[in-house]
Amino acid sequence: MLVSDEKGYFYQAKNIQRLLNKLPNYDGNKWLKRSLKTLAKIVKKNKIDTLEWKILTATLKDLEKGFRVFSNYTHYRKITIFGSARTSSDALEYKLARDFAQEITKLGFMVLTGAGGGIMAAGNEGATAEKSFGLNVKLPFEQSANSFIENDPKLIRFKYFFTRKLFFLKESDGIVLFPGGFGTQDEAFETTTLCQTGRQPPIPLILMDKPDGNYWKSWHDYICDHLLENGYIQPEDTEIYTITDNVDTACKVIQEFYRVYHSCRYVKDLFVMRLNYDLTATQIEQLNDKFSDILIAGKIEKIPTSGKEKAETALLPSIGFYLQPRKFSRLYQMINFINTLPCEDSAYCSPQYR
């Protein structure tokens, strides 16, 4: 309960502990305490009204649903498919999305869609409900769940777009965008921005069109003619994404992205890149020769595994370096180069698993 003293309101530690004692033992108690303290601060410092309480409660409910559904699929890499809800089932783009989803799941990946019609339905159809998720959002129109994911336990109905987008980005190990309207354009620009600024860990980003289509080629021309030409972006920023009209090419780009590269994280200021294969001293020298411009200081070096690593990644070899904050597009070039290096057979993780 809340009590008052000369410093104001605070949550009594014993009451927090009493609540924690009723929960199963797990290693996240410190984060639960921080969450409860944050809620207490909201009450203490803000006179929030009923609408704001509804927003807060609905947001927490959205998060709880997402965490619960995805908790059983943590180690599976997942590919998000974005595109128009209005694409008809006899359109070439629909067939392309369906075929892509079918082929990428054969390679061991799962598929995420917005659970609606059009391209989203194609993704769920191709992947099947068993190997796909539906992240639906409540709208006045167009967003009822498609028949391929309806009633599946992996269908999540979100109240808010922002919580839905959070899970798309949190769970995605690759994003494939098909032609669409404002929503698709929003997803294309937001994803590219997050990749460029490092707010999204590096992932393959593919823009797929029908054979001989110019939807994404025209989009790319706009990027080059207006953003690049005027100095708003760097040349390497256009290498974040790949444009194709071929399912096999899209699948190959995704597979090769995780051939050597596995994942990354920050350890304080050190950028740590986990790899599926150990690099030789000569290969590390090559990285330093080619990509010294992305470093704030020091060199790219092999580093020992941190004791805080999850069991699933504890055996993975790692390299570490101090990355300049405006060099995430160059980081993509570095990952692509690493994935071309010859590597011996490895006993580490299979590339399609996190």
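Me: How many helices and strands are there in the protein chain?
Reply: The model is predicted. Its protein chain holds both kinds of element, and the count is eleven helices and 13 strands.

Me: What percentage of the residues in the protein chain is buried?
Reply: Buried here means under 20% relative accessible area. The protein chain has 354 residues, and the buried share of them is 44%.

Me: What share of the contacts with a separation of 6 or more joins residues 24 or more positions apart?
Reply: Two residues are in contact when heavy atoms lie within 4.5 Å. Among contacts in the protein chain with a separation of 6 or more, residues 24 or more positions apart account for 69%.

Me: Are α4 and α9 roughly parallel or oblique to each other?
Reply: Helix α4 covers residues 92-106 and helix α9 residues 247-257; their axes are 9 Å apart, at an angle of about 40 degrees. Angles under 35 degrees would count as roughly parallel. The two helices are therefore oblique.

Me: How many nonpolar, polar and charged residues are in the contact of α4 with α9?
Reply: From α4 come Leu96, Asp99, Phe100, Glu103 and Ile104, and from α9 come Val247, Ala250, Cys251 and Ile254. By class, the contact has seven nonpolar, no polar and two charged residues.

Me: How are α3 and α6 oriented to each other, roughly parallel or oblique?
Reply: The axes of helix α3 (residues 50-70) and helix α6 (residues 161-171) come within 10 Å and cross at roughly 25 degrees. Angles under 35 degrees count as roughly parallel, so α3 and α6 are roughly parallel.

Me: How do the residues of the contact of α3 with α6 divide into nonpolar, polar and charged?
Reply: On the α3 side are Thr59, Asp62, Leu63, Gly66, Phe67 and Phe70, which meet Phe162, Thr163, Leu166, Phe167, Lys170 and Glu171 of α6. The division is six nonpolar, three polar and three charged.

How values were computed:
Residues numbered from 1 in each chain as written. Predicted model: local features only at pLDDT ≥ 70, side-chain atom pairs only at ≥ 80, totals over all residues. Heavy atoms only, no water. Axes fitted to C-alpha atoms, helices over the stretch in contact; angles between N-to-C directions. Helix = DSSP H or I, 4+ residues; strand = E, 2+ residues; numbered from the N terminus. Parallel < 35°, antiparallel > 145°, perpendicular 65-115°, else oblique. Nonpolar A, V, L, I, M, F, W, Y, C, P; charged D, E, K, R; others polar. Buried < 20%, exposed > 50% of the residue type's maximum accessible area, 1.4 Å probe, protein only.
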